[in-house]
Amino acid sequence: MDIMSLNINELTAFCKEQGLPVFRAKQLYEWMHKKLVSSVDEMSNIPKNIRDMLREDYVSLAVLERYISKLDGTNKFLFGLKDGNVVESVWMPYEHGNSVCISSQVGCRMGCRFCASAIGGLTRNLAPSEMLGQIYAIQRLTGERVSHVVVMGTGEPFDNYDNLIHFLHMISDEHGLNISQRNITVSTCGIVPKIYALAEEGLSITLAISLHAPTDEERKNLMPIANQYTIGELLEAAGDYFAKTKRRVTFEYSLVAGENDSEAHADKLAELLSGMSCHVNLIPINPIKERNFTHSDKKSIDNFKFVLEKNHINVTIRRGMGRDINAACGQLRKKYISG
Ligand code: SAH
């Protein structure tokens, strides 16, 4: 049993099954999701025999490594899971609050060519408790409130859809950490049916879609998922998400020198997105040593942004953070596994 993955109704049902009074569910929920304790022994109003009974069912993540960037204060964490697998998460302090980037899977099977998390494929999905646990451990360790969450670490969140939805409800639960859904972003490589499904969940989170190329042919070169869904289908799904949720969709576009960063690419992208209520986030590629992709120069990046702006497309360049601590995209886990 994994009691931290249970919402309050499920936890209440569990307590009943175990012959425990219903008020214990409320107490346990508060210890786990509000007070963020790291072990059952900290649950001081829960009798010892119940704590002993639940010891195996409640396991917080083990902090294996923590790096703090001297450049910008970014913290990178490597956490150990109960079964020995590891995941990484990043904490970023911003003026508007503290943001945590979490992983949704151990590894990933989407195979994007520039991504370190794709190497080695998928090991397994994360349980809701393991997604929550990354945020809880970070808030405990930094001592600062987490206000924003991005599901943009290792893994494809829509490849772990049910656990993702359960997690989103729990992290935004007013009896838990109560993170505003408006401050939560989920990033997908573009699994179209799940975009339609998310639009029906009644959540007001931001959807970010990894686009990375303005034509299907070029996108296929970077992302295998492009063989399954066309850009046309993706944009239609994004339009449906906006229509149903009124949340403006973000398109992520990682700039790779000589591959997708020319002015012609920017023109084509502007044409594709013209008239859409969206936002483009340009991500200068983080080169990984296993692949020979290189970072676009500043002039190309600025020009790409300029072309989009000229076409009235809302665009920002992602500030690279934690460059000194392997803070990007699966680099730390990879380094840890290969020893
Ligand atoms: N699977 C999800 C979320 C994880 S990756 C997705 O594909 O969106 C978060 C973002 O970082 C995605 O846009 C991804 O394509 C991008 N990314 C991955 N590796 C990168 C790298 N080396 N440099 C720049 N962006 C990268």
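In the predicted model, a polar side-chain atom of His212 is placed 2.6 Å from an oxygen atom of the ligand. Taken by itself, the ligand exposes 540 Å², of which the protein buries 95%. A polar backbone atom of Gly155 lies 3.0 Å from a nitrogen atom of the ligand, and a distance of 3.4 Å separates a backbone N or O atom of Cys189 from an oxygen atom of the ligand.

The shell around the ligand was next examined by residue. There are 17 residues around the ligand, and those that come nearest are Gly155, Ser187, Ser210, His212 and Asn286. Classified by type, the shell comprises seven nonpolar, eight polar and two charged residues. Two strands each supply at least two residues of this shell, namely S8, spanning residues 184-188, and S10, spanning residues 249-255.

Helix H4 (residues 128-142) packs with helix H5 (residues 161-171) at an angle of about 40°, and their axes are 8 Å apart. Angles under 35 degrees count as roughly parallel and those of 65 to 115 as roughly perpendicular; H4 and H5 are therefore oblique to each other. Their crossing is right-handed.

For the second pair, helix H9 (residues 263-273) and helix H10 (residues 298-310), the axes come within 9 Å and cross at roughly 30°. H9 is therefore roughly parallel to H10. The crossing of H9 and H10 is right-handed.

Technical notes:
Residues are numbered from 1 along each chain as its sequence is written. This is a predicted model: local features need pLDDT of at least 70, side-chain atom pairs count only at pLDDT 80 or more; totals for chains, interfaces and linings use all residues. Side-chain values use heavy atoms; hydrogens and water are left out. A residue is near a molecule or strand if one of its heavy atoms lies within 4 Å of it. A polar contact is a pair of N or O atoms within 3.5 Å; within protein, one must be able to donate a hydrogen and the other to accept it, and residues adjacent in sequence count only if both atoms are side-chain atoms. Accessible areas come from the Shrake-Rupley method with a 1.4 Å probe; for residues, only the protein chains shown count as cover. Helices (H or I, at least four residues) and strands (E, at least two) are DSSP runs, numbered from the N terminus. Ala, Val, Leu, Ile, Met, Phe, Trp, Tyr, Cys and Pro count as nonpolar, Asp, Glu, Lys and Arg as charged, and the others, Gly among them, as polar. Axes are lines fitted to C-alpha atoms, for helices over the stretch in contact, and angles run from 0 to 180 degrees between N-to-C directions. Angles under 35 degrees count as roughly parallel, over 145 as roughly antiparallel, 65 to 115 as roughly perpendicular and the rest as oblique. A crossing is left-handed if the near helix is turned anticlockwise from the far one by less than a right angle, and right-handed if clockwise.
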